[in-house]
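Here is a quick tour for someone meeting this structure for the first time. Have a look at the sequence and the model, then read on.

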Amino acid sequence: MADMRFSGVAKSYGRTEVLRDIDLEVADGEFVVLVGPSGCGKSTLLRMIAGLEPISAGEFTIGGRRMNDVAPRDRDIAMVFQSYALYPHMSVARNMGFPMEIARRPKTERVGPVGQAAETLGLTRLLDRLPKALSGGQRQRVAMGRALVREPKAFLFDEPLSNLDAALRVEMRLEIARLHQRLGTTTVYVTHDQVEAMTLADRIVVMNGGLIQQVGSPMDLYDRPANRFVAGFIGSPTMNLVAGTAEGGGLRLGDGTLWPAPPGTVELGIRPEHLSLAPTGVPGVRAELQVVERLGSDTNLFCEVPGVGPLLARVNGNVDLSPGAVIELAPEDGRLHAFDAGGGRL
């Protein structure tokens with residue numbers, strides 16, 4: 001079993017507190033993604049799982065066994081880093097089998113696991129090549145293969161795709177998803193890329209300022225963000241957030257428009273795909289169109305509303321609109337997110 005549990009875990013460097021009050025459970029076989037802005041503590045938390053950073057307070061267990069003082073080599077965890085960290089003078093086969101070589105396992109025992117990992121990752125034809133003869137995606141596969149041959153209880157990924165171009169990133173994202181479906185190994189994955197988080201995770205952990213802001217499935221976080229930070233962080237494009245004044249069962253925006261809102265609301269959020277062109281006869285927010293992004297399947301309308309600020313609407317298909325046009329936008333029923341003065345969800 002490779003279930004993980006954090007109980008009141010904290011991390012400090014001298015007087016600088018990096019993580020505090022971390023309570024988190026990762027089920028055996030679960031794929032959990034840690035996301036958040038730079039400096040939020042997600043990579044530090046991953047390194048604490050690996051044993052590369054000592055825990056300042058609290059308790060961390062794997063399979064019920066306390067890991068606070070267990071050496072990294074004794075945790076049965078494999079980690080894939082942002083850099084491939086391949087040995088340039090070694091072949092793909094030797095790079096992948098190097099953990100077993102260090103463990104002094106006979107060469108005959110290494111051939112099977114290396115061959116199996118290579119087949120899983122589509123590297124069989126490349127086993128005799130040096131890293132310099134590989135593409136970025138192939139090098140990342142070798143780094144993953146090196147982790148696979150250890151047959152660990154858990155995989156840790158620290159922003160493994162950030163060095164790849166957009167096309168390779170999509171390819172490798174699919175590769176990691178297929179790998180997890182095939183092996184079912186507990187996986188903790190750190191990224192700043194929301195698309196990776198939304199598409200890979202069973203659950204997402206959103207972090208900010210050393211604290212966990214929300215834990216849930218991708219669609220839980222997308223549809224029901226716990227606070228303003230999560231609402232603004234999860235989603236691409238990001239959620240529109242507009243401030244106003246509470247008035248008679250709604251929020252009065254700066255242009256005079258009244259949007260429905262519960263008592264105590266100081267800010268409303270609306271996803272771009274839930275903000276649409278107002279039908280004829282339905283009053284909406286009058287906005288000046290500044291930029292039109294035609295994506296084929298969708299069109300992004302970047303607008304400016306006097307007294308309110310910028311708004312982004314994403315509409316289906318192509319629309320016959322040009323910059324400078326004045327349009328009216330209206331939120332879809334039931335799609336507004338209300339936040340109080342402290343940023344909490346209402």
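Which feature does UniProt place at residues 4-234? The unreviewed UniProt entry puts "domain: ABC transporter" there; such annotations may be inferred rather than shown by experiment. In this predicted model, local features need pLDDT of at least 70 and side-chain atom pairs count only at pLDDT 80 or more, while totals for chains, interfaces and linings use all residues. Residues are numbered from 1 along each chain as its sequence is written, and side-chain values use heavy atoms, leaving out hydrogens and water.

The span 4-234 is 37% helix and 26% strand, and its end C-alpha atoms sit 25 Å apart. (Helices are DSSP runs of H or I with at least four residues, strands are E runs with at least two.)

Now for the inside. A nonpolar core here is a set of buried Ala, Val, Leu, Ile, Met, Phe, Trp, Tyr and Cys residues joined through side-chain atoms within 4.5 Å, where buried means under 20% relative accessible area with a 1.4 Å probe, protein chains only.

| Core | Size | Residues include |
|---|---|---|
| Largest core | 43 residues | Val35, Met96, Met144 |
| Another core | 29 residues | Leu19, Val70, Val190 |

Setting aside neighbours within four places in sequence, Met144 is in contact (heavy atoms within 4.5 Å) with Val80, Leu121, Phe157, Met172, Ile176 and Leu179.

Finally, a helix pair: where H2 meets H3, Met96 and Gly97 are among the H2 residues involved, and Pro113 and Val114 are among those from H3.

Definitions and conventions. Buried < 20%, exposed > 50% of the residue type's maximum accessible area, 1.4 Å probe, protein only.
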